[in-house]
Amino acid sequence: MDWGTELWDQYDIIDKHTQSGLELVEKYVKFVKERTEIEQNYAKQLRNLSKKYNLKRSSKDDLESRLSTYQAFLDILNEMNDYAGQRELIAENMMMNICIDLTKYLQELKLERKTYLMEAKKAQQCLESTYKQLDSSKKRFEREWREAERAAQYAEKTDQDINATKADVEKAKQQAHMRAHIAEECKNDYAAQLQKYNKEQSQFYFNDMPLIFNKLQDLDERRVKKLAQGYILFSDTEKHVMPIIGKCLEGITKAGTNVNERNDSIAVIEQNKSGFERPGDLEFEDYSQGINRASSDSSLGTPKGHVDLPGKNRSKNFWLFSKKSKPTVTEDFAHLPPEQRRKRLQQKLDEICKELQKEVDQSEALGKMKDVYEKNPQMGDPASLASQISQTSQNIERLRGEVNKYETWLAEAGGRGDTVRHKTQTFNNNGAHDVQSPDGAHSDESTPDPSQAIYAEFDDDFEDEELSAPIGKCTAMYNFPGASEGTISMQEGEVLAVVEEDKGDGWTRVRRNNGDEGYIPTSYVTINLNK
C-alpha cells in the first residue's frame, strides 16, 4: 500500500503528517541535548566531589598513608573520577552520534520535502490554469450559441414578415449564418479545451500527484528509520561504556575488601611505639630519716642524683594522662621516643644513601663521557664537563658527611646500621674517576670502603641516552583512539610497557616496543607492575 494510491485526495493530511514527523525529530534532538547537559553536569559534579574529598597526599611518614582504610578511600575517589570520565564519554558520543548526525539529516529531509511540495504546488497551478481556460471557452461557447439562436429566430421572423424587404431578409439570414459559424467554432474550441483538461487532470491525479505522494512516503519512512536508529543509539551509547563502569564499581568493591583492620592496628603500633619501659614502683621515702636520695631506677622521668626538697614534687603528674607540650624538633630526632627516633634516623639515612647513589652514578657517567670525548674529540669538549664533575664531587663529599653523621646518631640510638657498603669515588686531575683503596692508594679495581655505606648497588654500564626502565606491563581491555595530544592509541588485547603509574588523574604512561610513548586511560587496561 502506498500513499499515491490510497491517499490520493489527502494532500493536506500528508502535508501535516510529514511536518509533524520532522518536528518530532527536532524534539528528540533537543531531548538528547538536554540529556548530554545532564551527563556533563553530573560528571563535573562527580569530579568536583572526588577533588573535594581527595585527601592531601601525605608523606610516607604519616600514619594515614599506611592505613588500608585511607588507601581504600583514595582508590574509591580515583574510581569515581574514572566513572565521571565515562559519563563525559556518554555525553560526547550522544552529541556526536545522535544530535549532530540527526540535525544534519533533518536539514536534508526539510529541503527534500520542500522540493516535493513545490512540485505538487506547481502541478496544481498548471491544472488550475488549464481549468480556467476550459471554463472560459465553455462560457464563450454558451454565449455565442445563444447569440446564434437569437440570430436564427430573427432571420426566420424577418422572412415571414410581409413588410420586410428582400434586402432585410438576406441581411438577417447572413447574420444568422455568421453567428452559427462563430458558435460552431466556440463549440470546437470548448471541446478541445475539455479534452486537454481531462488529459491533464488524469495525469495530475493518476501520475503526478501519486508520484509526489510516494516520494513523500519514502521520505517519511526514511525519517522514521533514522529516528529509530537514534532511539537505539541512545541506549547503545551507554551500554558501550557499561563494562568500564562495571570495572570502576568493581574497583570500589575491591577497595572495600582490601581493608584490613588488623594490619591497620599493627601500623598504628609501629608508627607510635615509643620504646619506653613502663614506670616501676616508687620507693618509700622516709622523711623521719632524712631525704631518700635513691629513687627507683626504673621510674619514668625520675632524675638520678639531686632530689628536690620535700614538698617540691608532690604535684608531678604521669605523662600518660597529662597534656604534652609540643617538643622542639631537632636534626637528630632526639625529641622523639627511642623507638621512633631509631626509625626516623634509619629512614633519613636511607634517603641520604639513595641520593648518594645517584650522585655516584652521575660521577661514573661523567667520567665515562669524558673518556669518550677524549677519545673522540668530534663528539664534545672534555673541558666542558669539568664544572659538572667538580660539583658532583662536592655533592658526594657532602653526602658522605651526612651519612657518617646519621650513622653515628643511629648507633647512639641503638640502631643496627646494617647497610651495604659502597665504592668510594675520587677524581684525578683530568676529571676521570678512580677507585680509592682504604690505604689511600689508587687502584683499577673497585674496593669496598668500610667507612661509607649506601643501601643499593649501582650498575656500571652507562649509555649517553636511555629510556626509563619499564615498571610493569599492561594489557588493553578496549580500543582507544588516542586522538588527543600526548595520548597514544591502542587496540584491544595489545600489550604495552608501563613507564609511569597513574598519579590519581586517571591516566597511565606507556611505551610500545618501537619506542612510541603516550598516555592511556587507566581504566582501559589491566596493569601488572614488577615486584
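Colleague: Where in the chain is valine 259 placed?

Modeller: In this predicted model, valine 259 is in the loop between helix 4 (166-257) and helix 5 (261-272).

Colleague: Is valine 259 buried, exposed or partly exposed?

Modeller: Relative accessibility settles that. Valine 259 has 30% relative accessibility, so it counts as partly exposed.

Colleague: Which residues does valine 259 contact, apart from its neighbours within four places in sequence?

Modeller: Valine 259 is in contact with Ser68, Thr69 and Ala72. The C-alpha atoms of valine 259 and serine 68 are separated by 5.0 Å, while the two residues are 191 residues apart along the chain.

Colleague: Now a residue in a helix. Which helix holds threonine 130, and is the residue buried or exposed?

Modeller: Threonine 130 lies in helix 3 (residues 68-160). Buried means under 20% relative accessible area. Threonine 130 has 4% relative accessibility and therefore counts as buried. Leaving aside neighbours within four places in sequence, threonine 130 is in contact with Lys196, Tyr197 and Glu200.

Colleague: How do I read a pair of helices? Take helix 6 and helix 7: at what angle do their axes cross?

Modeller: Look at the angle between the axes. Angles over 145 degrees count as roughly antiparallel. The axes of helix 6 (residues 338-375) and helix 7 (residues 386-412) cross at roughly 160° and come within 9 Å. Helix 6 and helix 7 are therefore roughly antiparallel to each other.

Colleague: Is the crossing of helix 6 and helix 7 left-handed or right-handed, and what classes of residue are in their contact?

Modeller: The crossing is left-handed. The contact of helix 6 with helix 7 has 14 nonpolar, 11 charged and 6 polar residues.

Colleague: Next, the strands. How many bridges join strand 5 to strand 6?

Modeller: Strand 5 (residues 495-500) and strand 6 (residues 507-511) run antiparallel and are joined by 3 bridges. Glutamate 500 stands opposite arginine 509 in strand 6. There are 6 residues between the strands of this hairpin, in which glycine 504 takes a positive phi near 105°.

Colleague: In what sense do strand 6 and strand 7 pair?

Modeller: Strand 6 pairs with strand 7 (residues 517-521) in the antiparallel sense, over 5 bridges. Here arginine 509 stands opposite tyrosine 519 in strand 7.

Colleague: Which glycine takes a positive phi in the hairpin of strand 6 and strand 7?

Modeller: Glycine 515, with a phi near 100°, in a hairpin that has 5 residues between the strands.

Technical notes: Residues are numbered from 1 along each chain as its sequence is written. This is a predicted model: local features need pLDDT of at least 70, side-chain atom pairs count only at pLDDT 80 or more; totals for chains, interfaces and linings use all residues. Side-chain values use heavy atoms; hydrogens and water are left out. Helices (H or I, at least four residues) and strands (E, at least two) are DSSP runs, numbered from the N terminus. Buried means under 20% relative accessible area, exposed over 50%, partly exposed in between (1.4 Å probe, protein chains only). Contact means heavy atoms within 4.5 Å. Axes are lines fitted to C-alpha atoms, for helices over the stretch in contact, and angles run from 0 to 180 degrees between N-to-C directions. Angles under 35 degrees count as roughly parallel, over 145 as roughly antiparallel, 65 to 115 as roughly perpendicular and the rest as oblique. A crossing is left-handed if the near helix is turned anticlockwise from the far one by less than a right angle, and right-handed if clockwise. Ala, Val, Leu, Ile, Met, Phe, Trp, Tyr, Cys and Pro count as nonpolar, Asp, Glu, Lys and Arg as charged, and the others, Gly among them, as polar. Two strands pair if DSSP finds at least two bridges between them.
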